[in-house]
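Welcome, and please open your viewer. This tour moves from one selection to the next and tells you what to look for at each stop.

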Amino acid sequence: MVLLGGSGVGKSSLAMRFGRDEFYTTSPTVGCAYMTRVVHLSDVTLRFEIWDTAGQEKYHSVTPLYYRGAHAALLVYDISKRETFIRAQMWLKELENQYIQGSTVIWLVGNKGDLAQNRQVSVQEGQGLASHKGLFFIETSALSGEHISELLQSVAHRVYESIGGHQGGLSEWQETPIVELQHRDTSNPFASCCKVGP
Amino acid sequence: MVTHRAHHLFGTYSEGRDQPRPPSILIGRLNLSSEIPDVCCGIAPDVSAVHQSDWDGIMERDNHQEGEAQGVKICDPPSESNPLAHTLATSLSLLGNHMFPDQVERNDSGTANKEETVDSFISDITAEEPSLDAESHSNQVTKLDTEETENPECQNIASTQPTDGGTEDAADNDQSDSGEFVVTMLAKAKLEEQGLGVKGRSSPLLEAGTQECPAFITHREEDVTADSWRQHRKHVFVLSEAGKPIYSRYGSEEALSSTMGVMMALVSFVQSGDNIIRSVYSEEHTVVFLQKGPLVLVCVSSSRQSEQQLRGELLYVYYQIISMLTQASISRIFEHKKNYDLRRLLAGSEKILDGLLNLVDSDPSFLLAAVHCLPIASSLRDSLSQILQKAITPNLVFSILIAKNQLLTIVQEKNVIEDSRLEPADVHLLLNLIGASSAFQAGEIWTPICLPLFNPDCYFYAYISYLDPPECTVCLLLLSTDKEAFYAVAECKRKIEEAMVAQNSLSLIAKAHSYSVSQVGVSDLRHFMYKPFDVPDNYRQLTQFTSPEMEAPYSSEEEKMRLLDLYRYMHSRIHSTSRPLKLIYHVAERETLLAWVTSKFELYTCFSPLVTKACAITAITKLLRWIKKEEDRLFIRYPPKYSTTPNPSKSSRSGKSDQQDSTDNGFLSLL
């Protein structure tokens, strides 16, 4: 799973919620942070590798390293800052242009739900964009933890479905040696960001 | 926006600027003679044109006009025999006006704030009333911002203002309703975003983001007109050659744009006479200039440090910027677009620069240009090195283990070490980066970083992870030349972690701590810093130094700083360019210091005030004997190596293999 979006929208805070269910005031991410999180669904367990990218412009040249081949991409924007919404759309464009291969589930995440009183991007707008582009949509708050676990659960479900949908896709996956599934050697270790455990 | 006007002041600048106007000199409410008492200019020799008599003449003339020149624009070109000297004096005083204010000036300004005043003179705004309005308004906004840092509207304003051109000033001033104001700003922001987005470049993302403002704001909000702002011990400013603000240690860059414009005016004025401005001295402050490629760095300090030391610190700031963007990208960017706003790329990195400057002030490693390593038993250091040596992967070039912000050990790729070594300054930058990163929260970080002294044009990829969460004192740093090597390098970390668990290294490291000066067993000795020089047997080794904890009476922050200042003074005397010294015995008010430099070491010692010269010399002999005995514990003696280059014959220096990367690092496509 890869988190994308402008700087200061709360990607790292979301990632921290996913990873440890805690909230910190984070400082701007340097480069890219990596975390893992195991999600239990009713019948399977998914191990998420979470790439929390830096929103700062100087790191954009390296970001494709992380979203290439990701199974889930979260496009995060700040509901109280319109420009971040525009920026999320640009990320979407970039994803669509180059790296989407049908198997990536994309979510549009309006973060900072706790700042609803300063809202600049309405729920309808977010929803509208999402349905127009065929994305999933949710509003969250990393600060209060609202909708975080729902988001994680539904991402897990969707990813599992999309994988289950074409089992053949499994053979295209690359495993890093830490995962217990059989190891398939390929040239690009970044091709997989999210894997199914036993 | 201010720059071209400022350049314009002198009529000597030929950068393609719009609005050609007759050369004019603007004199505002300046009380020249009392502004900067005792100004002497450290410009290189060729400035003989500026005679003392000219200066006096100028001062007189300006004084004379002071009474009637309130807010009046004087457009006559100077009629003195030396117009250059005149303009230099004017801009000096403009700079002085902001940096070193005097009572008269402030009273004069009344309620209007000074920044605004200087700005309005420069920008030819003769009407004074609207600025008042706008000022009170923006104060209000800033206050709001501090109360709720998450408030997006405020941030938006803060981030939008600088990008707007000069024409918007008037419009802003007219805004009375805050809601309307915000809406206007937002509309502008949006327009700009969209305008940028449709240019049809390969990546729309690279076009956006001029509006971005980091969510954390610390010193950035400071009121640059307040006395407290002026009283900071050391200001650091970074600007582009076009005069665009890039960084200011205190206060926001946009609020300081006119000050920076004046700085740039000074630089380019002196440059126009084929000279380089190096420093300006006033009674209270030293202003040091450093030009590095398209960047101009300025330090305004009241710390009594030598010009050389201050310039060294500016160089660190420059290197830190390079470490994030590389020298090649910076020069390419400015080659394409002279007035590029580099803050766009540095957004979010202010904290790294702030952190660096705080370290520079509080950590003597920067002064000594050497690294401090944590004293541990040499057997433990060797076993740690061996662990690092075994956990390798292709293209890994440096493995560094850090505890409590001090080096534990460092292992280098064999072929790298043949060609060069890691410079202390590069290590300092890495340590600072670790401090500023959120690695302690995130788990693992993978980031491009350039080591400017190793190779200023290429990126390494740094893997940063703490080995002992949640305490987060032991940090592993692995540098690779392959940007796709994350998983391979992360695997190295797991190997290292396992080996360290097996050997119980973490608990041994936890016990390690810096030593007390009392262990040396010399009664009057309070503190020391010892830096051995490279001697043949450890040739090409990382320059290190050792120093005990600062203990009573140097336990408070103020006292620590005072001792460091004394050391800085000793250092400046030893390394003075005009009269370098080998040995100084300095009796200060509350202590006695002795500094000694030989071909083998550099030593700074601090004794109690009652020590005699003879005592001090015996003490130093004892100290040197003790250091010799403890050498293996205090220093990394024989940095180990490993070989990871897949095909050593192909590239002897890893930097070369990375050359390709620097060209596709994406910055070019920004333009």
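Is B:Thr326 buried or exposed? With a relative accessible area of 0%, B:Thr326 is buried; buried means under 20% relative accessible area, exposed over 50% and partly exposed in between, with a 1.4 Å probe and protein chains only.

Before you go further, note that this is a predicted model, where local features need pLDDT of at least 70, side-chain atom pairs count only at pLDDT 80 or more, and totals for chains, interfaces and linings use all residues. Residues are numbered from 1 along each chain as its sequence is written, chains are lettered from A and ligands numbered from 1 in the order in which they are written, and side-chain values use heavy atoms, with hydrogens and water left out.

**Backbone stops**

Stay with B:Thr326, in the loop between α13 (307-325) and α14 (327-336) of chain B. Helices (H or I, at least four residues) and strands (E, at least two) are DSSP runs, numbered from the N terminus. The phi of B:Thr326 is near 70°, a positive value in a residue other than glycine.

Next, select B:Lys404, in the loop between β10 (396-403) and β11 (406-413) of chain B. B:Lys404 is not a glycine, yet its phi is positive, at about 50°. B:Lys404 is partly exposed, with a relative accessible area of 36%.

Now pick B:Ala552 and B:Pro553, which are joined by a cis peptide bond with omega of about 5°. You will find B:Pro553 in the loop between β16 (544-545) and α24 (557-574) of chain B.

**Aromatic stops**

Over all chains, a search of the whole structure finds 24 aromatic pairs. Rings of Phe, Tyr and Trp (its six-membered ring) pair if their centres lie within 6.5 Å; planes under 30 degrees apart count as stacked, over 60 as edge-to-face and the rest as tilted.

Select B:Trp446 and B:Tyr461, a stacked pair at 6.1 Å centre to centre with 25° between the planes. B:Trp446 lies in strand β12 (residues 444-449) of chain B and B:Tyr461 in strand β13 (residues 460-466) of chain B, so the pair ties together parts that are 15 residues apart in sequence. B:Trp446 and B:Tyr461 are both buried.

Then show B:Tyr515 and B:Trp626, a tilted pair with 5.4 Å centre to centre and 50° between the planes. B:Tyr515 sits in the loop between α23 (505-511) and β15 (525-532) of chain B, and B:Trp626 in helix α25 (residues 613-634) of chain B, 111 residues apart. B:Tyr515 is buried at 1% relative accessibility, and B:Trp626 is buried at 7%.

For the last stop, select A:Tyr34, A:Trp51, B:Trp446, B:Tyr461, B:Tyr463, B:Phe486 and B:Tyr487, which ring pairs link into a cluster.
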